[in-house]
Amino acid sequence: MFVVMAVGASEAEILGVKSQILAEGMTPFDHVANEHTVIAVVGEMGGRRSVLRERLAALPGVEDVTPINRPFKLTSREFHPENTVIHVLDAVIGDGSLTVMAGPCSVESREQLFETADAVKAAGATILRGGAFKPRTSPYSFQGLGVQALRYLAEARERTGLPVITEVMEPSQVDVVAEYADILQIGTRNMQNYSLLRDVGRVARPVMLKRGYGATVEEWLMAAEYIVSSGNPNVILCERGIRTFETYTRNTLDLAAVPLAHHLTHLPVIVDPSHATGKRWLVKPLAMGAVAVGADGVMVEVHPRPDEALSDAEQQLTLDQFRDMMDALVPVHEHVRSLHGDPMLSAAALGIGGNGGLARH
Ligand code: PEP
Ligand code: MN
């Protein structure tokens with residue numbers, strides 16, 4: 001449930017509500033929306049819901065106590081009507097600008113990474129990607145260069161100024177990946193690895209959460225809820241395709257998930273057309289489609305010589321193809337950014353926060 005404080009409620013009144021929530025064994029999370037402090041009550045309430053509601057409603061400074069109908073709370077638009085905007089070095093994600101994460105599937109060598117990094121930066125990428133720890137279907141396939149790749153990524157950041165994103169596959173890797181990388185990526189196979197989600201919820205780095213290839217949008221948002229409720233509000237969602245009966249493409253890109261996620265949550269949404277399709281010639285049209293439906297950006301795999309790549313050879317763009325994609329993507333983004341509706345109207349309809357935040361599109 002949400003406790004909506006009256007406009008002008010004092011610090012003491014807000015603290016009083018939070019202490020009561022803690023005393024009841026729940027966790028309070030507060031957020032100021034449209035001049036009201038709203039406190040989300042998070043935890044397992046069991047049969048105490050109505051008693052708790054009455055107790056909180058009777059406290060000084062409380063205007064209303066409203067149930068949260070959705071299973072996700074802190075990630076919901078109702079709790080946090082305005083868009084989450086994430087700043088990493090010079091990159092800003094979720095403010096209406098076009099985020100482009102680009103780089104090789106796997107970091108294979110310093111030279112391969114630097115050549116790619118220089119080219120994608122020159123073509124307008126805002127974030128450099130590169131796999132260090134690789135989740136491979138076969139245990140006999142290239143597993144990534146590990147910590148050595150993290151060092152190359154850090155060097156590439158120094159060289160280009162681009163923040164770097166890389167996947168963390170297990171809890172024991174979280175500290176070392178957070179030491180070198182600017183954004184931690186949770187891969188599709190780990191979307192419901194709850195101990196990993198909790199661990200990345202405790203580090204001071206934004207996390208990009210890829211949608212599980214068999215996960216519903218609600219399960220994806222519940223996974224994001226694990227990270228946010230563990231203390232890390234800077235979560236980026238990434239739609240990367242789900243498994244269907246179709247076999248021409250590696251996965252099926254669910255573009256409806258983009259406006260849907262924007263409606264349901266305040267978190268930025270990135271689309272990965274590379275893993276979604278598995279085919280390099282499909283990356284450009286789907287990247288354009290993603291931006292047209294309002295995605296905050298794309299993640300694309302790029303390799304100087306894709307045919308020699310140690311992983312995902314068929315879907316990585318050449319440097320020329322990446323430049324060509326950017327030439328198409330930037331005008332699409334310019335054109336659509338003013339055409340999208342206001343995702344906050346849905347929150348207003350639910351009575352919390354109104355339409356007070358800044359519209360993004
Ligand atoms: C990746 O981005 O490197 C990756 C392995 O993607 P996914 O988890 O979506 O398969
Ligand atoms: Mn890949």
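# Close-up views of a predicted model

**Figure 1. Two aromatic pairs turn up when the whole structure is searched.** Keep in mind, here and in every view below, that this is a predicted model. In one pair, the ring centres of Phe2 and Phe79 are 5.5 Å apart and the planes meet at 20°, so these two rings count as stacked. Phe2 belongs to strand β1 (residues 2–5), while Phe79 is in the loop between β4 (62–66) and β5 (86–88), so the pair ties together parts that are 77 residues apart in sequence. Are Phe2 and Phe79 buried or exposed? Both Phe2 and Phe79 are buried.

**Figure 2. Tyr194 and Tyr226 form a stacked pair.** Here the ring centres lie 4.3 Å apart with the planes at 25°, so the pair is stacked. Tyr194 is partly exposed, at a relative accessible area of 32%. Tyr226 is partly exposed as well, with 25% relative accessibility.

**Figure 3. The charged end of Arg243 sits over the ring of Tyr213.** Look for the centre of the Tyr213 ring: the charged end of Arg243 is 4.9 Å from it. Gly214 is in the loop between β11 (207–210) and α7 (217–229). With 69% relative accessibility, Gly214 counts as exposed. Follow the chain from Gly214 to Gly241 and you cover 27 residues in sequence, yet their C-alpha atoms are 9.1 Å apart in space.

**Figure 4. Four residues coordinate the manganese ion (ligand 2): Cys105, His275, Glu301 and Asp312.** Which atoms do the coordinating? They are SG of Cys105, NE2 of His275, OE of Glu301 and OD of Asp312, at 2.0 to 2.4 Å from the manganese ion. Along the sequence, the donor residues follow the spacing C-x169-H-x25-E-x10-D. Cys105 comes from the loop between β7 (99–103) and α3 (110–122), and His275 from helix α9 (residues 273–277), so this pair ties together parts that are 170 residues apart in sequence. Cys105 is buried, with a relative accessible area of 2%. His275 counts as buried too, at 8% relative accessibility.

**Figure 5. The largest nonpolar core has 80 residues.** Leu184, Leu209 and Phe322 are the members that touch the most others in this core. Both domain 1 (1–82 + 343–361) and domain 2 (86–339) give residues to the core, so it lies between them. Another core, of 14 residues, lies apart from this one, and its members include Ile14, Met45, Leu56 and Val65.

**Figure 6. Phe322 has a whole set of contacts beyond its neighbours within four places in sequence.** Which residues are they? Phe322 is in contact with Val100, Ala102, Val120, Ala123, Ala125, Val300, Val302 and Leu317. Val100 is also in contact with Gly124, as is Met326, again leaving aside neighbours of Gly124 within four places in sequence. Gly124 lies in the loop between α3 and β8 (127–129) and counts as partly exposed, at 34% relative accessibility. From Gly124 to Ala276 is 152 residues along the chain, and their C-alpha atoms are separated by 22 Å.

**Figure 7. Domain 1 and domain 2 meet in this view.** How many residues are in contact here? There are 16 residues of domain 1 in contact with 20 residues of domain 2.

**Figure 8. Glu35 and Leu89 are two loop residues.** Glu35 is not a glycine, but its phi is positive, about 75°. You'll find Glu35 in the loop between β2 (27–33) and β3 (36–42), where it is exposed with a relative accessible area of 62%. Leu89 also has a positive phi, near 50°. Its place is in the loop between β5 and β6 (91–93), and Leu89 is exposed, with a relative accessible area of 51%.

Conventions:
Residues numbered from 1 in each chain as written. Chains lettered and ligands numbered in written order. Predicted model: local features only at pLDDT ≥ 70, side-chain atom pairs only at ≥ 80, totals over all residues. Heavy atoms only, no water. Core = buried A, V, L, I, M, F, W, Y, C linked by side-chain atoms within 4.5 Å. Buried < 20%, exposed > 50% of the residue type's maximum accessible area, 1.4 Å probe, protein only. Domains from an automatic or database assignment. Contact = heavy atoms within 4.5 Å. Donors = N, O, S within 2.8 Å, 3.2 Å for Na, K, Ca; no water. Helix = DSSP H or I, 4+ residues; strand = E, 2+ residues; numbered from the N terminus. Phe/Tyr/Trp six-rings, centres within 6.5 Å; stacked < 30°, edge-to-face > 60°. Lys NZ or Arg CZ within 6 Å of the ring centre and 35° of its normal.
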